[in-house]
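Trainee: Before we look at anything in detail, could you show me how to read a structure like this one, feature by feature?

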Amino acid sequence: MSSKYEDVIIGLEVHIQLTNLKTKLFCSCNNDYRGKEPNTHVCPICLGLPGSLPVVNKNAVEFATRLALALGCDINKSFWFFRKNYFYPDMAKNFQISQYNKAGGRAFADGGKITIKLNSKKKELQLNRIHLEEDPARLVHKGSIATSPYALVDYNRSGVTLIEIVSDPVMNSPEEAREYLKQLKSIVQYTEISDLDLDGSCRVDANISIKGHARSEVKNINSFKEVERALKWEIQRQKNLLKRGKELIQETRHWDDKRRVTIGLRTKEFEKDYRYFPEQDLVPIEITKDFIDQVKKKLPEMPNARAKRFQKDYQLSEFDSEILVLDKDIADFYENGVKSEKSFGPDEYKQYCNWLMGDISRWLNDNNNVIKETKLTPKQLVDLIKLINEGKITGKIAKTFVNEMMKGTPILEIVKKSGKSRIADKDKIIKVVKEVLEENPDIVNDYQKNPKALEALIGKCMKKTDGRLDPEITKRLMQKHITEISAKNSSED
Amino acid sequence: MSDKEEFSKETIDYLSKLALLDLTEEEKVKLSKQLRDIISYFKKLNDLDTSNVKPTTHAIEGLKNVFREDIPWKSLSNEDALKNAEHKKDGYFKAPRILKE
């Protein structure tokens, strides 16, 4: 770890929407509010109308249990909800129903950990707790929040289930925070409680301090990607102030993702201002061992365990396995593919992994897509690897198929359409080699001094044939012919 | 802390701010006396030994785990949702600006 950050302390509060629920936390309004007309997924409960009564969504409790188990937290046997009181238009009731781990209250679960790996060093990051709460409404401003003459309120999001995951202040760099979030995202995906690729499905507040100085809390970091950037900026801000001999104050700051700076909010919020007290409209919840056991039984294999199994079952390296299992959809794709072909062994397992993590992942990244949204099937990749290994196409050509493969076109059809089957016929290759040697006397001369010129000549051959020549045979034949020419040239001298 | 201090002017100012109430000076004086009386009445409870009594968190004891199934219902129409709102715009509720100058 670079010494640049050794005195930095970071703790994260991550809010995750349970997007895979069908209804909100305390009412049966449809959870799927994205892209819907404003204030159409609302009812007296999530609008906070007088006399309405909340009722807890049973599946929200199960989802929270899943996550608690996956993170290794201790689930509290009994807890109740609290009212967190504040005035803000995003909460129609003037309070948020949340959990509180003081005043006799308990979180949903305590402890737990997330293991990260950075520069091939493992580190266990201790969690403090996780708890359930409701999402506030969405505010729409005319222009910026500072100048908007009013706020428009859409209560469709109000009451959607959030799980807050609070870490201890145990991270020492923005990179550690990034890896923490990467692992957390993976675990959430495996538990199938939320799709964190959905816009706005996670929000992060970060507590940041330099050892021995006051901390600031940066709010409003609205995507995992922004966290590393916001942290780097805030750390720099604090260090610059200290360098100039100024002292830091404890404050809440707002991450402005357009200007990419943090702004002091000049508001002093104290916990007692929230006047937490038990929510009397909801009765306590008791979680039995039976219930936990049932949820545990349904829980799929988690990424850590899966990576260990991949090393054993497919003889992949620790490095490959850990990257491969990170995205559950990719890992499922991998297993479906390699298991479907009986002739595959360790070499093909590794090949299949390389394709998925290399060209396919690159395509997904470049096109801002995820594998389940494409038409690529595990079988296509099996066919592709078989064709390469049978010598029918070259690996280089195969790479040019990726775009077409993602549309679901069968490999054989792509090969036929492209006319790019591999050329392994000796006579055909010799013809190309001779042409290239004749056309490039300069490079041939150069070869006398610089044997690396051979690569340039092979490149010319490939260019002539759209890369269809078998690279091994071409190299052998080129070497043979160029040696012959060189011998002839020197005897003539 | 004495009863008097508990409802000092600062405390009343603080409480009225949290409750978003604009109080006149007379109201503040009146309320601080009333609140002091209420608190001292409740302080009678301190005479009892409650060291072996579990705190009551809910008025109805024994009731627990009231859940509903995760099945969507029909929500209100936008028109109904906004029906009683005094300020609205384009299907939204309209609220005062967030940041004051």
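Mentor: Let us start from a single residue, keeping in mind that this is a predicted model. T409(A) sits in the loop that connects α11 and α12 of chain A.

Trainee: Is T409(A) buried or exposed?

Mentor: The test is relative accessibility, with buried meaning under 20%. T409(A) has 11% relative accessibility and therefore counts as buried.

Trainee: Which residues does T409(A) touch, once those up to four places away in sequence are not counted?

Mentor: They are Q380(A), E404(A) and I414(A). With E404(A) there is also a polar contact between the two side chains, at 3.1 Å.

Trainee: Where does M406(A) lie, and what surrounds it?

Mentor: M406(A) belongs to the loop between α11 (402-405) and α12 (411-418) of chain A, and because its relative accessibility is 4%, it counts as buried. Leaving aside neighbours within four places in sequence, M406(A) is in contact with I360(A), W363(A), L364(A), T374(A), K375(A) and L376(A). For W363(A), 43 residues away along the chain, the C-alpha atoms of the pair are separated by 8.7 Å.

Trainee: How should I read L53(A), buried or exposed?

Mentor: Exposed means over 50% relative accessible area, so L53(A), at 51%, counts as exposed. L53(A) is placed in the loop between β1 (8-17) and β2 of chain A, and its contacts, leaving aside neighbours within four places in sequence, are I45(A) and D281(A). Between L53(A) and F26(A), which are 27 residues apart in sequence, the C-alpha to C-alpha distance is 8.4 Å.

Trainee: Turning to the two chains, how many residues does each bring to the contact, and what area is buried between them?

Mentor: The size of an interface is often given as the accessible area lost when the parts come together. Here the area buried between chain A and chain B is about 3,900 Å², with carbon and sulfur atoms giving 61% of it, while the contact takes 55 residues from chain A and 35 residues from chain B.

Trainee: Which polar features cross this interface?

Mentor: Between chain A and chain B, 27 residue pairs are in polar contact, counting pairs with both residues at pLDDT 80 or more. Several elements of chain A, namely β2 (56-57), α1 (58-70), β10 (138-141), β11 (150-154) and β18 (285-286), each supply at least two residues of the side that touches chain B. Of these, β11(A) gives the most, with five residues. By class, that side of chain A has 33 nonpolar, 12 polar and 10 charged residues.

Trainee: How many salt bridges does the rule find across the interface?

Mentor: The rule finds two. One salt bridge joins K64(B) to E286(A), with the closest N and O atoms 3.2 Å apart.

Trainee: What is the strand order of the open sheet?

Mentor: Strands of a sheet pair through backbone hydrogen bonds, either parallel or antiparallel. In this case the open sheet has four strands in the order β10(A)-β11(A)-β3(B)-β2(B), with antiparallel pairing. Its edge strands, which each pair on one side only, are β10 of chain A and β2 (88-89) of chain B.

Trainee: Which bridge partners can I look up in that sheet?

Mentor: β11(A) pairs with β3 (residues 92-96) of chain B over four bridges in the antiparallel sense, and there L152(A) has K94(B) as its bridge partner. β10(A) and β11(A) also pair in the antiparallel sense over four bridges, with D154(A) as the bridge partner of R138(A).

Notes
Residues are numbered from 1 along each chain as its sequence is written. Chains are lettered from A and ligands numbered from 1 in the order in which they are written. This is a predicted model: local features need pLDDT of at least 70, side-chain atom pairs count only at pLDDT 80 or more; totals for chains, interfaces and linings use all residues. Side-chain values use heavy atoms; hydrogens and water are left out. Contact means heavy atoms within 4.5 Å. Buried area is the accessible area (1.4 Å probe) that two parts lose on being put together, summed over both. A salt bridge is a side-chain nitrogen of Lys or Arg within 4 Å of a carboxyl oxygen of Asp or Glu. A polar contact is a pair of N or O atoms within 3.5 Å; within protein, one must be able to donate a hydrogen and the other to accept it, and residues adjacent in sequence count only if both atoms are side-chain atoms. Ala, Val, Leu, Ile, Met, Phe, Trp, Tyr, Cys and Pro count as nonpolar, Asp, Glu, Lys and Arg as charged, and the others, Gly among them, as polar. Two strands pair if DSSP finds at least two bridges between them. Buried means under 20% relative accessible area, exposed over 50%, partly exposed in between (1.4 Å probe, protein chains only).
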